[in-house]
Amino acid sequence: MAVEGPLPPRRITRAIVSAAGRRTCLNHSKLPKTLLDIEGTTLIEHVLRQLHAGGIVHVTLVLSYQTAATVVEVERVCNSLKTLLVDVVDLGSDYNGFYAMSLLAAQNSSLPEEDGVLIAMADHIFDPQLVSDMCKVQLRPNDVEACVLTDLSNGPHIGLPETAVGVRCSGNGSRITEISRRLARPMVEGAPCQPGIGIEAGLVVCRPSLFCQIEALAEQGCYFSLADALQELAHDGLATCLCTNGQRWIAVETQEELELAREVNNNRLLLLSGLKDNQDESDDEGFDPNFRQSMPVFFVAGGSRWVAKGVPAAL
């Protein structure tokens, strides 16, 4: 009589990516932030390729601004990634909601089943291994309902944006006890991470219960963040974290956040715009203001510094 071996562990193959929400200065009048050119590749192509390389085969992409241009680019990318399916949900150019609320629009096509779903930030670029590791997380009903990718590196995270979210893990492992922007405030201001406290890095895997929490918060009619919904699960001991372990992740942020970071950490900024290594980085003399206005900004984990790069003139 043949004896069957244990079934291979389940892995997540579906993802939700939302680029819907309030516009920022990186959304230009002609092209949205998703089409920013980064090293010759659009931001959305970076996002889709990293998800595919990490094992994702089905993406629900939620859009609200200049949808048509992004869809054309997504179709181009999918033509070279034959095993990747991307469903687009268009909330319309009049959408004035916020990120967490927009995730509810993806429920019809990607509401997580037992295997769960990956929520990926539309303006983050990851080492594909991080995506793969998150997709292997084993979610369990009434035990692990969500898992948050967390950077627990000890050094100060220079240049974190105002929207950074802090994660506090329990002393005996990976259970999250608190997740909030308030917790990240000292690190945003330049303080080093305290033991057991890290930065949420832009990937979350979850079961349907997280969407139930989002719906409950939406019914209150006030602004809320994804971290607020995750905190509800953390309060019940149902959320865990997965450490980045030094692997690289990049957040593409806003010009306003660059200005704030320059004010607080002038001596730690690196502008890749022809400035010499020995030049005072806070000195703007001779710097083209039109070029500055069109620069996206990257928070690079691991390097823990801001990097600004010029956007092609077409943007």
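The model is predicted, with local features requiring pLDDT of at least 70 and side-chain atom pairs counting only at pLDDT 80 or more, while totals for chains, interfaces and linings use all residues. Residues are numbered from 1 along each chain as its sequence is written, and side-chain values use heavy atoms, with hydrogens and water left out.

Ser180 belongs to strand E10 (residues 176–180), where strands (E, at least two residues) and helices (H or I, at least four) are DSSP runs numbered from the N terminus. Ser180 counts as buried because its relative accessibility is 16%, buried being under 20% relative accessible area with a 1.4 Å probe and protein chains only. Not counting residues up to four places away in sequence, Ser180 touches Val165 and Gly166, a contact being heavy atoms within 4.5 Å.

Ser209 lies in helix H7 (residues 208–218) and counts as buried because its relative accessibility is 18%. Leaving aside neighbours within four places in sequence, Ser209 is in contact with Glu145 and Leu233.

The table gives polar atom pairs; a polar contact is a pair of N or O atoms within 3.5 Å, where within protein one must be able to donate a hydrogen and the other to accept it, and residues adjacent in sequence count only if both atoms are side-chain atoms.

| Side chain | Partner | Distance |
|---|---|---|
| Ser180 | Glu178 side chain | 3.2 Å |
| Ser209 | Glu145 side chain | 2.7 Å |

Technical notes:
Buried means under 20% relative accessible area, exposed over 50%, partly exposed in between (1.4 Å probe, protein chains only).
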